Every structure is written in structure tokens, then in C-alpha cells.
Amino acid sequence: MTENNWDVIVIGAGAVGENVADRAVQGGLSVVLVESELVGGECSYWACMPSKALIRSGLALRAVEKLPGAAEAVTGGINVEALLARRNSFTSNWDDAGQVKWVKKAGIGLERGHARLAGPKTVTVTADDGTVTTLTANHAVVVSTGSDPQLPNVPGLIEAQPWTPREATAVKVVPESLAIIGGGVVGVEMATAYRDLGAEVTMFARSGLLNGQEDFAGEMVEKALKERDVTIVRTSPTRVERTADGVVIETPDGSFTASEVLIATGRAARTNDIGLETVGLEPGDWIRVDDTMLVPDTDWLYAVGDVNHRALLTHQGKYQARAAGDVIAARAKGESVDDAPWGAHVATADHGAVPQVTFSDPEVASVGVMSHDAEKQGIDAQVVDYNIGWVAGASLQADGYEGHARLVIDRERQVIIGATFVGQDVAELLHSATIAIVGEVPIARLWHAVPSYPTISEVWLRLLETIGRP
């Protein structure tokens, strides 16, 4: 058994773990990453990057088809082989050599193997050959192990060997048909991608699509998917069985058969076998933290990214990671800690300013509080809507542009607390809304933020006009 000592040990070398390590190293600490799979993690190889690469070509093709003059130049559909090759380039063909090179250049150590906590500030790492290395931390251990797909309790499902998002984004041969269980972001994005790839798609979404977003978002996406011949079934499977003819999904509304079935029903904490019990925590649970990502009742254990269940999004995990890496370094060196709301060492935005884009067609971009949540939170909210298709920039972007924008405004403070945009190319509108919410920019001041003409951003002026000039 080998023993090594570091200032900080980070379990999980995904994008979030890398950011924690980088910030702590820049703060003057020695840091080691521990990874059992590919350095770079889920986002790089099985989630954010490959999924968007699968989606982008179809979005671009339909955008061209809506532009007379350019539409006539389109003479065919998606070249699946070329699309998958481009996807492979974004995953570096599932080779992490480039990521490992960055880790070394950043001055971060790397241990390969399965990590388990073995008590306070102690981690054991078991390599593939069975070799065990014990790591000890002078200051902190950071759990950044992410999350796993949550499989619904449907008889026969596990035996049917369903796809998880990993199989869907790493596909080598596109199936003739795909059944998707779940109507959330992953389900909607994969329905968008696989329909473009030529598969027949059936979605099972009992509560509709994009539940939790503004109602019009799910409705507009559902309408668009149905126009592309995606079947949407408003019920849940009661049994799943893989047969010689494919995967049979039984529901109260009848039976459906598909070549493959994808599970997209949520995430579970990846904490079952990382030794949480050795430090008084429950294996399999999400890890609760404060705004500096520190686990309560400890002064050394941190949990960052999906595993703390605050905001299961890569960009929010990286945001948390920057705060955590900096605060670990500050505490280690006895420096002052800025842990007041919006301070340098906290992830305040997790509570009410989380941006998210669903790369469907149309795109859904949202940030902050949804209108249906404002009332639950006791906020006297004003809801302001506008048809993005009425904006000059949108009409130039695509003939027959369909889109919708909504602001949620705190009447008492006269600031925006939520925004949702649905439509082609609206993702790039989102950061302006995020800045307005985080900066608590008064509505009266926003009148002086003049959008360029003719761009889709002019929807901001139209929304303000709907509210009325002060």
C-alpha cells in the first residue's frame, strides 16, 4: 500500500472537479484529482458536448429551410455518418489524453482508480490492478462524483437493458426507432436529435414536456415535435420487455414497440460506494452543503456539482467549484472569507438565478423564478408576455418565426426575478436576463439598455413597453 499526502483531494475529475482543483492550485495549495473513468467526466464524453453535437446539425438545417434563397440550396437531409464523426471529434473519440495533459500543465496531481472515503481527510484509491493507495489531506476532501440516471420502478425494465443517456449520446448505429421514457430536458433533446437522425421516436411523458418550466415552453416544444411526427404518449409504462422484434412498452393506452428504449426520468446521487458511512453520512444520498459547499458539522469535507443536488447543470457546478476552490485556499491560509450573499466564496446564484437552455427546436432558455413558483414563494409578481415573432429581428431570422418571451417581475422591488424565452436561436438572449436578475437592475434603469436594431434582442424593449414607461 502506498501513501501520499496532499493539501486537497478531489474525488471526481469531471469539469466540476477540475475547476475546484484549478482554483485551489492557483490559491497555492497542492491538489490531486482521483478518477475511475475518463478525466473530463460526464459533460465531456456523454452529456453536454456530444448531445449538443448530435442536435446542432438538425437545428441548422431547419434554420436554413426557413430562409428563402438559402432553402433552395438544401438538396438533402442529414448525413448521419458525418454528423456522428463530428460528435466523435468533440469527445476526442473517448480518449482523455488531452484532458490529462491539461491537468498536468495546471500543476494538479492525478490518481486513477476508485476512491472511497476512509474517515476524516483520508481517501483510499483502488486501481484496476487492485493496488491500493491511501491519500491524506491537510485541509480538504472534495466530493465531485456527479449523478447517475435514475431508473423508474417498471417491471421488466432492467432486464430489457434500456439505454441511459450515455448510450444515446455515444451511439454508433442509429436504431430504426427509439422509445423515450421521460419528458424532461434529456428526453426532449434526444427526441430532437434522433428524429433528425432518421429514427421514429415515441415519448412517454405522463406530465407533459419540460415540467417545471413555464407551461408555454413545454406546449410549444410538444407542438413542434408532433409536427415532425414524434409520438407523445401522456402515460407511463406499466411493463417493458425486450423481444426478438424489439423492446415492447406496455401502457394503459396500449402497447408500443421500438428498437431501443431510453430512460430519461431524472438523476440519482452517485454516492453509493464512496465511503460516506465512514464520515457519518448515508450512502446513496445527496450531500447537503452550505453556500461555500462545505458539508455541515465538518471543517474539511466539501461536495460540489450534481452530488449536492443544488442545481444539476454543468455551468452551475463549475460556478460552485470556483467558489469552493477559492474558499478552501482562503481557509487553509487563514485569509478572510467572503461568505455573505454574492460574495467571492459562495454560490448565491443557486438559489434564484440559475440559467438553463434546452436545445430543442424551438430552444427553451430560462433563468430564475418561474411564474408558478413566485406565488408559492409569497412574491407579489407581475407576469409580462410578448410574442417574439413580432420583433423585426426575429422576422429576419426566419420566415414564420414562432417564439414567446416572459418576464416575472417582483412588484415590490421592481426588478426581474425570472425570464423565459422560447424560439429559434433564443439561447443567446439568456445571459442578458441572467445579468439583469443577478444585478437586480431596476426596471426603470433597463429602459436605458437600448437593444440594437434589427436583432431578436429588441424583444427586451417590447417587454418593457408592455410593462409601460415609468
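**Close-up views of a strand trio and a helix pair**

View 1. Welcome to a predicted model, in which local features need pLDDT of at least 70 and side-chain atom pairs count only at pLDDT 80 or more, while totals for chains, interfaces and linings use all residues. Residues are numbered from 1 along each chain as its sequence is written, and side-chain values use heavy atoms, leaving out hydrogens and water. Strands (E, at least two residues) and helices (H or I, at least four) are DSSP runs, numbered from the N terminus. Six bridges pair β18 with β21 (residues 415-423) in the antiparallel sense; pairing takes at least two DSSP bridges.

**View 2. Here β17 meets β18 through a hairpin of four residues.** The strands β17 (residues 355-358) and β18 run antiparallel, joined by four bridges. P355 is partnered by V367 of β18. Strand β18 (residues 363-368) is largely enclosed by the rest of the structure, because five of its six residues are buried (under 20% relative accessible area; exposed is over 50%, partly exposed in between; 1.4 Å probe, protein chains only).

**View 3. Helices α1 and α9 (residues 314-332) pack with their axes 7 Å apart, at an angle of about 25°.** So α1 is roughly parallel to α9 (angles under 35 degrees; over 145 is roughly antiparallel, 65 to 115 roughly perpendicular, the rest oblique). Axes are lines fitted to C-alpha atoms over the stretch in contact, with angles from 0 to 180 degrees between N-to-C directions.

**View 4. Take a look at N19 in helix α1 (residues 15-26).** N19 counts as buried because its relative accessibility is 19%. Leaving aside residues up to four places away in sequence, N19 touches K318, A321 and R322 (heavy atoms within 4.5 Å).
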